[in-house]
Amino acid sequence: MVRHTSAQRPRSKNAKITCQQITALILDYVTGELDAETALAFKAHLRECPDCIAFLSTYQKTFQAARSLRYDSIPLEMRRRIRQFLQEKIKGSPPNR
């Protein structure tokens, strides 16, 4: 579980939560790991912020898609290309195309 700093958590149920806090807390929200007070502040912000609603929707769909993937279902060539890309990123060199 991700631990958040006090700056990322609303101080009370009456505290406003910011868009930046939404992005910091989104994984815990999606996985149901927010405490009740923070979850209420999170939901209150969503009622007022269409941008965060759209971000949450996209995040949830991405999260669901990633969870549904199975390593064995990824074609061998794609695995090789991803591995090569990540190795080059780690080394700091541009990927070969």
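Visitor: What makes the pair E48 and K16 a salt bridge?

Guide: This is a predicted model, and in it the side chains of E48 and K16 meet at 3.7 Å, nitrogen to oxygen. The cut-off for a salt bridge is 4 Å between a side-chain nitrogen of Lys or Arg and a carboxyl oxygen of Asp or Glu. The value of 3.7 Å lies within 4 Å, so the pair counts as a salt bridge.

Visitor: Which parts of the chain does that pair link?

Guide: Distant ones: E48 belongs to helix α2, while K16 sits in the segment before α1 (19–30), and 32 residues separate the two.

Visitor: How do you know whether E48 and K16 are buried or exposed?

Guide: Exposed means over 50% relative accessible area. E48 has 58% relative accessibility, so E48 counts as exposed. K16 has a relative accessible area of 64%, and therefore K16 is exposed as well.

Visitor: How many salt bridges are there by this rule?

Guide: The count comes to 2. Besides E48 with K16, the side chains of E77 and R80 meet in a salt bridge at 2.6 Å, N to O. Here, too, the value is within the 4 Å cut-off. Both residues lie in helix α4 (residues 76–91), 3 residues apart, which is about one turn of the helix.

Visitor: Why are E77 and R80 called partly exposed?

Guide: The label covers values between the buried limit of 20% and the exposed limit of 50%. E77 has a relative accessible area of 42%, so E77 is partly exposed. R80, at 40%, is therefore partly exposed too.

Visitor: Let us turn to the helices. Why are α2 and α3 called roughly perpendicular?

Guide: Helix α2 (residues 36–48) and helix α3 (residues 50–68) pack at an angle of about 115°, with their axes 6 Å apart. Angles from 65 to 115 degrees count as roughly perpendicular, and α2 and α3 are therefore given that label.

Visitor: Which residues make the contact?

Guide: On the α2 side they are F42, H45, L46 and E48, and on the α3 side P50, C52, I53 and L56. These residues divide into 6 nonpolar, 1 polar and 1 charged.

Visitor: What makes C49 and C52 buried?

Guide: Buried means under 20% relative accessible area. C49 is at 10% relative accessibility and so counts as buried. C52 has a relative accessible area of 4%, so C52 is buried by that rule too.

Visitor: Where is C49 in the chain, and how far is C49 from C19?

Guide: C49 is in the loop between α2 and α3.

Visitor: Is D51 buried or exposed, and how do you know?

Guide: D51 lies in helix α3. D51 has a relative accessible area of 62%, over the 50% limit, so D51 is exposed. D51 and C19 are 32 residues apart in sequence and 8.6 Å apart in space, C-alpha to C-alpha.

Visitor: And why is L40 called exposed?

Guide: L40, in helix α2, is at 52% relative accessibility and therefore counts as exposed.

Visitor: What is the pattern of the whole chain?

Guide: Along the sequence the pattern is α-α-α-α, with 4 helices and 0 strands. Of the 97 residues, 21% count as buried.

How values were computed: Residues numbered from 1 in each chain as written. Predicted model: local features only at pLDDT ≥ 70, side-chain atom pairs only at ≥ 80, totals over all residues. Heavy atoms only, no water. Axes fitted to C-alpha atoms, helices over the stretch in contact; angles between N-to-C directions. Parallel < 35°, antiparallel > 145°, perpendicular 65-115°, else oblique. Contact = heavy atoms within 4.5 Å. Nonpolar A, V, L, I, M, F, W, Y, C, P; charged D, E, K, R; others polar. Buried < 20%, exposed > 50% of the residue type's maximum accessible area, 1.4 Å probe, protein only.
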